[in-house]
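I opened a new model today and kept notes as I went. The entries follow the order in which I looked things up.

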Amino acid sequence: MARVSLILPAASDTWPDLNQVGPLQRALEEAGHETELIVSTDFATNTPDPSTEGWRVLKAGGTGQAAAAVEGLLRAEGEVLVVLDLSLGYRPEDLVRVVEPLVQGQADLAVGSRVEAGDGLPGARRVQAWAGALVRPLTGTSDPLSGLIALRRGLIDETGVRFRAVGSKFSFELLAKLGGRWVDVPVRPLAASRLKRPEFADLRQLKHLADHRFGNLSRLIQFCAVGGSGMIVDLTCYFLLQRVFANTTLADRVVPPTQITVALAMARSLSIAVALVWNFSLNRRLTFSYARSGSIARQFVTYV
């Protein structure tokens, strides 16, 4: 059996209900596992000390659930690390089930998937199963919003991953950074899944997850999307600048030896320049975000 670190990430001043943890801990111990209990918070103010004996309370360096979860992962001492969102109401047997493939050496990371497969499911769950089948090739799991993920501690050490946790979902951060062998473990939490409005940081994490899964193909798609937006910027500026210069003396002059008016040439040149800056800025921020630490002047000249 293994030593299991059970990590509860707490964010936005919402202290987890530790009374729910007793059955979870007992289930792990009855399965033969030694447990370490950790609450990791992003609270800016002092947090209450848990009354349960043996708890460790950690303060995350960043904000959000992902930052709290990462702090717990990096400082946990167990061989198997389990990150749990208590608000989703996972059952004790769910925790035992996600730990099992790691202990048996069948996987490096296990996702507690709330998505069921099968043709005999009721309508709503059948739609959920279809959705899970669609997102699995893209994200590596049928439930990328899972609130229950277990992984071997060695997976972090072996890959040398450097977490930069942002956003409200710890699942995005883990799935976007960790490799190894993944497995979906079917679970049936007691609470209904609650979808929250995504934050901008969550969209960034989805981009990182796509880059992790597909590498340069993901960046090519982003590059093309940026180029499409640049075309809209280019043509819009071209149209507006023609209107602006049409009422000036530039409309009466031509660029020798052509018959193109100076007004048209200026509109064309400025619209290209605006679109160029737009594309460069968006690609540096989105497509090649990993290169933002480099010299912006050198990168812009190279891009031009």
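I began with a definition: buried means under 20% relative accessible area, exposed over 50%, and partly exposed in between, with a 1.4 Å probe and protein chains only. The model is predicted, so local features need pLDDT of at least 70 and side-chain atom pairs pLDDT 80 or more, while totals for chains, interfaces and linings use all residues. Residues are numbered from 1 along each chain as its sequence is written, and side-chain values use heavy atoms, without hydrogens and water.

I looked up Arg 219, which lies in helix 8 (helices are DSSP runs of H or I, at least four residues, and strands runs of E, at least two, numbered from the N terminus). Arg 219 counts as buried because its relative accessible area is 19%. Leaving aside neighbours within four places in sequence, I found Arg 219 in contact with Asp 211, Thr 287, Phe 288 and Tyr 290 (contact means heavy atoms within 4.5 Å).

I noted 7 strands in an open, mixed sheet, in the order 3-2-1-4-6-5-7 (two strands pair if DSSP finds at least two bridges between them). Strand 3 (55–59) and strand 7 (182–186) are the edges, each pairing on one side only. Strand 5 (residues 109–113) runs parallel to strand 7, joined to it by 5 bridges. In this pair I found Ser 113 opposite Pro 186 of strand 7.

Last, I checked a peptide bond. Pro 256 and Pro 257 are joined by a cis bond, with omega about 0 degrees. Most peptide bonds are trans. I placed Pro 257 in the loop between helix 8 (216–246) and helix 9 (262–287).
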